[in-house]
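Visitor: I have a structure open and would like to talk it through with you. Could we go through it piece by piece?

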Amino acid sequence: MQKEVLMAQAKFFTANSNTELAGELATHIKATFRDSELVFQPVHIITPNKAQHQWLKEKLAEELGFIANLEQYNLNSFFKKLIGSLDPTTKDKPRKEKFIWKLFSEMGKAEFKNLFQKIKTYCGEDEIKRLALAQKLAGLFEDYLEFDPEGRWKESTDKEDLEWQLWLFEKCEFEQLQISPAQFEILLRRNPKVLEKFHSLYLFGNLEISPLHLKYLKALAEVENFRLHIYRTHLRFDHKENPLAQNWGDHLTRTNNQLNQLGNLPENPTLPEADNLLGRIQKDILTDSISKELPKDDSILIYNSFTRVREVEALYNYLVKTVDESEGKLGARDIMVCMPSLDPYISAIKTVFDSAPYKFPYTLVSRGYSREESFWTALEQVLSFEKEDFTAPGVFNLLEMQPIQKSFDFQDLDLLKKAFIDANIRREYEGDEELETNYASFSYGLNRLIYGFCLGSEEPVEIGGKKMYPVDIAEGQQANDLFRLHHLVELLNNFLKIKAEKQSAADWHTKLMEIADEFLEPEEWQQKHFLDLMLELGGMEASAGEKIEFKTFFFRLKDQLLNKDLQQLKGQGGITFSGLYPGMIMPKKVVALLGLNFKEFPRRSQELSFDLLPENKKPETRILDRGAFLETFLNAEQKVLLSYIGQNVKDNSEIPSSSLINELQDYVEKTGAKIKEVKHHLHSYNSKYFVEDKDYFTYLIGNDNKLNTGKKATESQKKAEVIHLFSLENFLKDPFKHYYHHVLNIYYQDDVNMPDWEMFEPNKLEEWNIKYSVLNQNLKVELDPVEQREILINNGMIPLKTPGEIVVDDSQRKVRLLTEKLCEISSDEISEIEFDLPFYFEESGNHILKCKIPMLGGQGLYLSVSKLKSKYKLAAYLKYLTLVAADKASQLNYFLLEEGEKEAKIISYSGLMTKEQARQILRDWLSLYLKNFERIQAFSPEFDFAINDLGEELNDLQIKINNKFERPYGFFPSDYLKAEYRDGFFENEDNLDDFKSNYKLIMQPVELANSK
């Protein structure tokens, strides 16, 4: 149902939804134009943005069958084109960009500085401060012209701010940016025939109409034989009674009051009955009423997550389930997802939706050069590169960017990551020889890699009288990536030298084009966009005489990239992802709103202290945000999902939601109902998502698109015939890490860490690595401390200078204790034996345990450079079991350091069991290993509990486990174990019971062996 009203030359149409309005517009176009004209006669339509125009175009095509000449504008572009037609000389008038540079230039001149000491003091010699002020002033002056066309700001009582602003406004001739309403009316009277080619003008959707545009529209409405057709929902909106309408409806009321100046607005059509919670609340808002009772259903849901990625993962699962349950009545095109700002969510959206088992097509609707456009992101990353970014992670971040990879033709990033680590490339281009930071520099590390390839060996060589240790990791074509990396590093170093200079804005413009070509080799269409952007950064002549730093020019470029309203659509239809702006929303069956976070939405207005715009001339940001939220909420036809980050990743504490969620929840609760809120867990693979639960489910992990039966291994993993002893050992040391790696295929970042600083003081793990490296070297041939230090410093394993010397001396002393102890057993060389142990399990069939054990003097050997710890006792005992079970040896000697690491000692395992008993223990442990592919087997030797400490009551065990995490002295759990603990793994009684039985099964024989 639609209503219309004719006032002077403006014709209003209103309806309950944009879908109905689109149908009415199609009917009007059909009646106004002949069918043959629809192909050639332009139909001029003003919509809020390209996304809504695309939606409207599709709706019109459905109604009309074919429409080829639909010309879309926003209000700015329409009036720019119209005024250019009315007065061709206005096409040559300067744009805002030129005014920014003029303001920047004028504020740097002596005349301005002498007149206005306050601004001179504020800017000082800081170019970026001056440019930032110029950008803000240009935006402010633009607001004066658009929201105060009468020029009342010039009558401000704030004389101090008025004087310097008025001086710059007139000096830079800023009034040229817009023509006044009076000038516009004169142009219309002089050139009435210009409007004839427009035939009719259609304004569709909830447009943002400024006072300047309103005066332009009023002038158009008075032109004879020119008609305005305004299509808009909710033209009358009262908000006297309903609290949601009161809190969210100020902007809608303000806009309707503006439109009322074009004529009396029609009454709203009658609303249909609603039977779910969403529909009833929508009707309450639109009729300014309050329901005494509301339905209880899931048409509105609230999701509470830890991070943006978890928000998007939860959204994906919600959408899959919603589409699945709709039985074909709902598709991707019926869904819209909004967030206060799209840019921070793009990487999460791409990560989740591009890799998910069930693929949704989607479109990203962005206003500017946003993050999904990898060329612009890569360009910004390159231009942002500073001396302090010359680090392994900093350069590797560039390598991971697709345009960089494509430009330099990098093939194997894993090889390059290995190159960084093996060649000890950490930071700085060259480093300092006196401080020894050159050993961790890019120049030295890349030379080691290239010499390694050319020589095909890692034997040390003399280069310029200095010893170098080549690193040989590449063969044949692989080495091309090393040479490409060398080229990239040289370009970055040269770029830093260029950035240190001062040049004019025009010169930086030229240099920037060269840099983009060197690093990114843009495609033709990208080069065109980039050239257009650089031309828009024009106005260079305004500051041609002044040389500026690169960071000043780059500051302007970033602002242009951030704020330019391109209204881009990227994608293949389907779900629409968009920022939450007024006029952006389209009618959709399902609407999700992400990022409704406390203090982030609605956003606070960033008011400038020197803003002279009269009060209430321009709507505040928070009013616009509330209006956009209301518009989005009213356009949802079936379901609404509200999502926010409500849990702190660090300490699990609660974070409040946006006030809008609270207001909606309060409204519903007063009727006795409640909107369900689902608190999502930190990880999508939490066990909560794999049981039958209406609110917790996942479609992201598993072999099937839908997974609700538990975390399962692939068939190949469950039926693996060969099990290597080191894999069984790794499982026993950390079942949690083993499960994450081999079942979930999840590796935390620490596992592939690229350090960006030279070592200052080794931690416990690094100390262990140093001792282990020295031990392996000394078992071959013992080096003198100087040569040993040189090897370790090349590998980045020790601190520089004197601290490193101390570490080497200490490590050699401790290792010598072990090697001397070895001689007490035998003077023979250490050897290795390899053998297989077969096992059969009814559930999974035959398995072979492949073993490789060091031997010394006919006895098994386990060497540890650490003190006595449960996980090392377990590893030594495991090797002893395999030797006995295979009948290869009856004894294993475990060499370790005493407490205080001043002496070494031997623990000998001998005569503890029969061959059959050893096989049975191995069988029990292998059974747990295989079960770990089904679900995590609760156990970890890191807890270092004595068997008697496990107690009888599970509550006592849980307290002891909690104490370990809360007072972790000497307790070093992996990140995987910590993650499960945070997710409540040990709050489950079944898991505690399993932990207790598994701990006894594994550690009881180990304890017994070490007690003898």
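Visitor: What covers the buried residues of α13?

Guide: The cover includes β2 (10-15), α11 (211-221), β6 (227-231) and α26 (621-635). Cover here rests on contact, meaning heavy atoms within 4.5 Å, and helices (H or I, at least four residues) and strands (E, at least two) are DSSP runs numbered from the N terminus. Before we go on, this is a predicted model, in which local features need pLDDT of at least 70 and side-chain atom pairs count only at pLDDT 80 or more, while totals for chains, interfaces and linings use all residues. Residues are numbered from 1 along each chain as its sequence is written, and side-chain values use heavy atoms, with hydrogens and water left out.

Visitor: And how many residues of α13 are buried?

Guide: Seven of the ten residues of α13 (residues 250-259) are buried, so this helix is largely enclosed by the rest of the structure. They are His-251, Leu-252, Thr-253, Thr-255, Asn-256, Gln-258 and Leu-259. Buried means under 20% relative accessible area, exposed means over 50%, and partly exposed lies in between (1.4 Å probe, protein chains only).

Visitor: Which residues are buried in α18?

Guide: In α18, which spans residues 392-399, six of the eight residues are buried, namely Ala-392, Gly-394, Val-395, Phe-396, Leu-398 and Leu-399. Among the elements covering them are α17 (374-384), α19 (402-408), α20 (413-422), α21 and α22 (479-499).

Visitor: What caps the N-terminal end of α18?

Guide: Thr-391 does, with a side-chain oxygen 3.0 Å from the backbone nitrogen of Gly-394.

Visitor: You mentioned α21, so where does Leu-455 lie?

Guide: Leu-455 lies in α21, residues 442-455, and is partly exposed, at 46% relative accessible area. Together with Tyr-451 and Ile-463, Leu-455 makes a nonpolar surface patch of about 230 Å².

Visitor: Changing topic to cysteines, how many disulfides does the structure hold?

Guide: The structure holds zero disulfides, a disulfide being a pair of cysteine sulfur atoms within 2.5 Å.

Visitor: Is Cys-454 buried or exposed?

Guide: Cys-454 counts as exposed, because its relative accessibility is 54%, and Cys-823 counts as exposed at 56%.

Visitor: Last one, what is Gln-788 in contact with?

Guide: Leaving aside neighbours within four places in sequence, Gln-788 is in contact with Val-774, Gln-777, Asn-778, Leu-783, Val-808 and Gln-812. Gln-788 sits in helix α32, residues 785-794, and is buried, with a relative accessible area of 1%.

Note on methods
Patches are made of residues with over 30% relative accessible area and no salt bridge: like charges are joined within 9 Å, nonpolar side chains (Val, Leu, Ile, Met, Phe, Trp, Tyr) within 5 Å. Accessible areas come from the Shrake-Rupley method with a 1.4 Å probe; for residues, only the protein chains shown count as cover. A salt bridge is a side-chain nitrogen of Lys or Arg within 4 Å of a carboxyl oxygen of Asp or Glu. A polar contact is a pair of N or O atoms within 3.5 Å; within protein, one must be able to donate a hydrogen and the other to accept it, and residues adjacent in sequence count only if both atoms are side-chain atoms.
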